[in-house]
Amino acid sequence: MDRALWVTTYSPEETRILGAALGPLLLPGDVVSLGGELGAGKTTLVQGIAASLGVQHVTSPTFTIVHEYEGRYPIVHLDVYRLNSIQEVLDLGFDELLDPGAILLLEWGEAIGPLLPSKFLEINIRRSASHDSDDERPFQFRPHGTEWIPKLQAMRDTAETLLAAASENADGPRFSDSPPVPED
Ligand code: ADP
Ligand code: MG
């Protein structure tokens, strides 16, 4: 059964708020894999997650591959965008990066799909030309492992409250159990 949740944001700030609704629910050992084209908003969401765990100034690890932060818990932020990064991740030792004491936030995680654990949170950001606004970003949250289902429910409740308070787009589509735009 697909228990995906969709949340649409309308600005980078809203995406950081969405991340801040998820961050406090994450625990060491959790793996979050982010998909979506370049500029979709993966790093922006990670910034919101990290800020809620006490880490500011998160930058893209596209060229450095991995950034490690010390917040409420250790955070490992990986980006496997570049073609040679899969090999580099293997060289770095993905098992080491899968530190049970750290939260792993992985951009372009699908590129190393077979290395991912069986339980993780998959997030996909879709952009479509049919969107009214360039800043509109539908986020799909797909739980892998039943533990993620209550976490997503809690994230939804928190995000609903925070986004309603911050939003200039209160009338737009926001939370949904199905894609907010037709699949192309
Ligand atoms: P990625 O890590 O997926 O390559 P980034 O988070 O680095 O993407 O960049 C997202 C870009 O899109 C930024 O320039 C940001 O300002 C812009 N943007 C516009 N609207 C949004 C939104 N709703 N959420 C996130 N980023 C947005
Ligand atoms: Mg990025």
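Where does His144 lie?

Tutor: His144 lies in strand 7; helices (H or I, at least four residues) and strands (E, at least two) are DSSP runs, numbered from the N terminus. The model is predicted, so local features need pLDDT of at least 70 and side-chain atom pairs pLDDT 80 or more, while totals for chains, interfaces and linings use all residues. Residues are numbered from 1 along each chain as its sequence is written, chains are lettered from A and ligands numbered from 1 in the order in which they are written, and side-chain values use heavy atoms, without hydrogens and water.

His144 is partly exposed, with a relative accessible area of 21% (buried is under 20%, exposed over 50%, partly exposed in between, with a 1.4 Å probe and protein chains only). Leaving aside residues up to four places away in sequence, His144 touches Ser118, Lys119, Phe120 and Glu122, where contact means heavy atoms within 4.5 Å. Of these, Phe120 is 24 residues from His144 in sequence, and their C-alpha atoms are 5.1 Å apart.

Strand 7 (137–144) is also one of the elements against which the buried residues of helix 2 pack; the others are helix 1, strand 2 (31–35), strand 4 (74–79), strand 5 and strand 6 (120–125). Helix 2 is mostly covered, since eight of its 11 residues are buried: Lys42, Thr43, Thr44, Leu45, Val46, Gly48, Ile49 and Ala50. Gly54, with a positive phi near 95°, follows helix 2.

Helix 1 (residues 12–22) packs on helix 2 (residues 42–52) at an angle of about 45°, their axes 7 Å apart. That makes helix 1 oblique to helix 2, a term for angles that are not under 35 degrees (roughly parallel), over 145 (roughly antiparallel) or 65 to 115 (roughly perpendicular). From helix 1, Pro12, Thr15, Arg16, Leu18, Gly19, Ala20 and Leu22 meet Thr44, Leu45, Gln47, Gly48, Ile49 and Ser52 in helix 2.

The magnesium ion (ligand 2) has Thr43 (OG1) and Glu107 (OE) as its protein donors, 2.1 to 2.2 Å from it (donors are N, O and S atoms within 2.8 Å of the metal, or 3.2 Å for Na, K and Ca). Thr43 belongs to helix 2 and Glu107 to strand 5 (residues 103–107), so the pair ties together parts 64 residues apart in sequence. Thr43 and Glu107 are both buried, whereas His144 is partly exposed.

Note on methods. Axes are lines fitted to C-alpha atoms, for helices over the stretch in contact, and angles run from 0 to 180 degrees between N-to-C directions.
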